[in-house]
Amino acid sequence: MAETINIDAARVERYITELATFGKHGETGVWRTVYSPEWVAAQDQVAAWMTEAGLEVRRDAVGNVWGRLEGSEGGKTIVSGSHIDSQRPGGRFDGALGVIAALTAIGALKQQFGQPRRTLEVLSLCEEEASRFPTSNFLGSRAITGAITPEDALEMVGYDGKTMAEAMAAIGLDATKLPEAKRDDIDIFIELHIEQGPILEQADVPVAVVTAINSIRHYVVELTGRSDHAGARPMDMRLDPMAGAAEIALGVIDTALRMGRPAVTTIGRMEVEPGGPAIVPEKVTFTIDARHPDPATRLKLYAAHEAWMRAVAARRGLDLKWTITTDLIPCVCDAELVRTLQDVAREQEIPFTTMSSGAGHDTQRMANIARVAMLFVRSKDGRSHTPAEFTSTVDAVEGIRVLAGGLRRLAY
């Protein structure tokens, strides 16, 4: 059995509790949007913890915070971390636990084994949730991969009416320098995250090694029919887009059910025009969120959904059009890294499973420049994006032990 890496559970719990005070919302919630005063204080605290751990601290042009443990051989770096922002409100674990995990793991490695052969870095990403700017998803990792420009910062308008460039300027960041955040010297990125779903709890294991991250396709669908009187127009003479939308909704959800896990499909928003209780609608607009982690199977899922929409609209005499507003391809984790993390979990006798990720993560973006992997830790009741989300310190430490063991294998 490999030498045990000592992870201080009390330190992990203290970090979780203290970080949650920045943007505290109610008893257990966190409201911490990018570039807010709460966000600034949280990033300052993370930077202070990095310094305490003996890491070299720097901040990049978009506000990501890096803690570096220089390796004796130089070369491309191995990075671990996650995002520091939250939903409005969210919980204290989503994103933040990944930052804490990376800091704790690399700090423990430095203390126990000294300088690594390869450089290790802790990364506290500035933003992932798009909770302040609706089009800013994965801002921190997009900047690192060169997928955001100063023009984007000028065009992104937040829910408060300010542009991203203005929000950056308010805390001393210059949007014109955004390209300086790009990195081309990262070899590996490993992100620990809460699962945000019920699979680990259902399986009664604390940790999962993630094999792939779902594709995400968002459709905005418009069905147009004819507005009529709800009492005077006979049922067999109607062109009712609500009936068509209901049939499409049930059909696409049933398709995902029949495909089986991990296929998922969700109808998340619906708008009815004119929206009167005694009026057959003229138009119904709704969203479809369809996801699958397998590159080939996701295309079959999308094709089935689109064929069903066309068939329902044609049979009911409705005009149909849709727009694809998000289309992220699946991210398949690096097979060697997956095996490494699995081997470490077995060596340390930590119960684990393998699974795909239903949610999107910064790892998907980092895969454009690095080999990637993920670890999940158990979420109580499968809850996330809510103040009710909870992961026990015991489960968090089990995940951090796997992360630290993996980083040791890779860097030492």
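Helices, in the sense used here, are DSSP runs of H or I with at least four residues, numbered from the N terminus. The exercises below concern a predicted model.

**Exercise 1.** State in which helix Gln342 is found, and decide whether Gln342 counts as buried or exposed.

*Solution.* Begin with the helix: Gln342 belongs to helix 10, which covers residues 335-347. Next, take the cut-off, by which a residue is buried when its relative accessible area is under 20%. Gln342 has a relative accessibility of 14%, and therefore counts as buried. Finally, look for its contacts: leaving aside residues up to four places away in sequence, Gln342 touches Val209, Phe352 and Thr354.

**Exercise 2.** Describe the second largest pocket and work out which helix gives the largest share of its lining.

*Solution.* The volume of the second largest pocket is about 260 Å³. Its lining consists of 13 residues, of which Arg11, Thr104, Gly107, Ala108 and Gln111 are the closest to the centre. At least two lining residues come from each of helix 1 (9-19), helix 2 (37-52) and helix 3 (96-113), and the largest share, six residues, is that of helix 3.

**Exercise 3.** Examine helix 3 for its span, its burial and the residue that follows it.

*Solution.* From first C-alpha to last, the 18 residues of helix 3 reach 26 Å, which is close to the 26 Å expected at 1.5 Å a residue. Helix 3 is mostly covered, with 15 of its 18 residues buried. After helix 3 comes Gly114, which has a positive phi near 80°.

**Exercise 4.** Identify the buried residues of helix 1 and explain how they are arranged around its axis.

*Solution.* The buried residues of helix 1 are Val12, Tyr15, Ile16 and Leu19. Viewed down the axis of helix 1, these buried residues fall within an arc of 95°, so they line one face of the helix. Among the elements that cover the buried residues of helix 1 are helix 2, helix 3 and helix 12 (393-411).

Note on methods. Residues are numbered from 1 along each chain as its sequence is written. This is a predicted model: local features need pLDDT of at least 70, side-chain atom pairs count only at pLDDT 80 or more; totals for chains, interfaces and linings use all residues. Side-chain values use heavy atoms; hydrogens and water are left out. Buried means under 20% relative accessible area, exposed over 50%, partly exposed in between (1.4 Å probe, protein chains only). Contact means heavy atoms within 4.5 Å. On a 1 Å grid over the protein atoms alone, a cavity is a set of points where a 1.4 Å probe fits but cannot get out, and a pocket is an open set with protein on both sides within 12 Å along at least five of seven lines; lining residues have an atom within 4 Å of a point. Grid points are joined across faces, edges and corners, and a volume is the space filled by probe spheres set on the points. The expected span of a helix is 1.5 Å times one less than its number of residues. The arc is that of the directions from the helix axis to the C-beta atoms.
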